[in-house]
Amino acid sequence: MKVEIDSNSGFCFGVVTAINKAEDELGNSGQLYCLGDIVHNAREVERLQEKGLKTITHEDLKDLRDVKVLLRAHGEPPQTYQIAKDNNIEVIDATCPVVLQLQRRIKKTYDEGVESERQGGKKPLIVIYGKNGHAEVNGLVGQTNGEAVVIQDIAGIDTLDLSRDIILYSQTTKSIEGFKEVVEEIGKRKKEGKFEYYDTICRQVANRMQKMREFASNHDVIFFVSGTKSSNGKVLFEMCREVNPHTYLISDESQVDFGLLEGAHSVGVCGATSTPLWLMEKIANVIKNDRSA
C-alpha cells in the first residue's frame with residue numbers, strides 16, 4: 001500500500017520564521033515567553049515548551065517586566081507593543097510579513113478616515129472578512145482603535161450599515177471563494193455610497209487549496225492532521241472531505257484508526273499550515289509499519 005505525505009502541507013512561511021526565531025533564542029538563553037500558542041498545534045507547542053518556551057496570555061503580559069517575549073506570526077494590536085514598552089519587555093517580533101503589510105494598510109485607511117472626519121467628511125466603515133476573536137483579526141481590528149466590523153460570512157452583512165462608505169479587507173487565511181461571495185453580496189445590497197474591497201488573502205496559503213484537492217482525490221484514504229485550535233485546519237479538512245469522503249481528521253499518530261485502511265491501496269497524509277512536517281512523517285511511518293507487520 002502506498003503512503004504519501006502531501007508536499008504542499010505543513011508550516012507556511014510565517015510560522016517557519018516564528019519557530020526559527022523561538023529556537024534561536026531558546027538556543028542562546030534557554031528561556032523565552034510567547035504571547036499565545038506559537039502555532040495552533042499542541043504537539044509542536046509541547047516540543048518547544050520542552051526547550052524552554054513558556055506560553056503566556058495578554059493578562060500575563062501586563063505583569064511581566066524586563067524579559068523577552070515573542071510575538072507570533074498572527075500579529076498583535078498596537079496596545080500590545082505599548083504594554084511591552086511600558087514594562088521594559090524586549091519584543092521578538094515574528095509577525096508574518098503578509099499580516100504586517102495588511103495591518104499597515106488598514107491603519108492607513110483608518111487614519112485617512114479620521115483625517116477626513118476632522119475636515120468635515122465622513123469616516124468609511126472598515127470591514128474585515130475573518131473569524132471573530134482570531135488572533136490575526138484582533139490585531140487588524142486594533143489598527144482601527146477597535147472600530148472595524150468583523151464579518152465571518154454572508155450572514156454578517158446584515159449587521160453592516162450599508163448607507164456608509166465601506167472598505168473591505170480579508171483575514172489572510174480566509175478562502176478566496178468566501179471572500180468573493182461576500183464582495184458580490186455587499187455589491188448587490190449596497191444602494192448608496194462607495195464600496196471598495198481588497199483581496200488581502202495570502203496566496204501561499206490560498207494556492208495550497210487546489211493542490212490539496214488534487215492530492216485528496218488521488219488517494220483512497222486521507223488522514224488530515226491538524227490541531228483543534230487551527231481555523232485554517234478546519235477549512236482545509238472540510239475541503240478535502242468534499243473531494244474525498246474517506247478523509248479523517250486526526251491530531252497525532254495515536255488517533256490513526258487502522259480499520260479505516262481495509263481495502264485501501266493508497267493513503268495520503270496532509271495537514272494545515274500549523275501542522276509540523278515531523279508529525280506528518282511520524283503518522284506516515286506508523287501507517288507503513290503497521291501495514292508491513
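The largest pocket has a volume of about 340 Å³. Select C12, V15, H74, T173 and T273: of the 24 residues lining this pocket, these are the closest to its centre. Keep in mind that the model is predicted.

Now colour the lining by class. It has 11 nonpolar residues, 12 polar ones and one charged residue.

Next, bring up the helices around the pocket. Select helix 1 (13–29), helix 5 (97–118), helix 8 (203–217) and helix 9 (231–243); each supplies at least two residues of the lining. Which helix gives the most to the lining? Helix 1 does, with three residues.

Leave the pocket and turn to the strands. Four of them form an open sheet in the order 3-2-4-5, with parallel pairing. Pick out strand 3 (53–56) and strand 5 (90–93) at the edges, where each pairs on one side only.

Zoom in on strand 2 (residues 32–35) and strand 4 (residues 68–71). They run parallel, and two bridges join them. Select Y33, then find its bridge partner in strand 4, V69.

Last stop: helix 4, residues 78–86. Show this helix together with the sheet. Which strands does helix 4 lie across? The answer is strand 2, strand 4 and strand 5. Check its direction against strand 5: helix 4 runs at about 145° to that strand.

Conventions:
Residues numbered from 1 in each chain as written. Predicted model: local features only at pLDDT ≥ 70, side-chain atom pairs only at ≥ 80, totals over all residues. Heavy atoms only, no water. 1 Å grid on protein atoms, 1.4 Å probe; cavity = no way out; pocket = protein on both sides within 12 Å on 5 of 7 lines; lining within 4 Å. Points joined across faces, edges and corners; volume = space filled by probe spheres on them. Helix = DSSP H or I, 4+ residues; strand = E, 2+ residues; numbered from the N terminus. Nonpolar A, V, L, I, M, F, W, Y, C, P; charged D, E, K, R; others polar. Pairing = 2+ DSSP bridges. Contact = heavy atoms within 4.5 Å. Axes fitted to C-alpha atoms, helices over the stretch in contact; angles between N-to-C directions.
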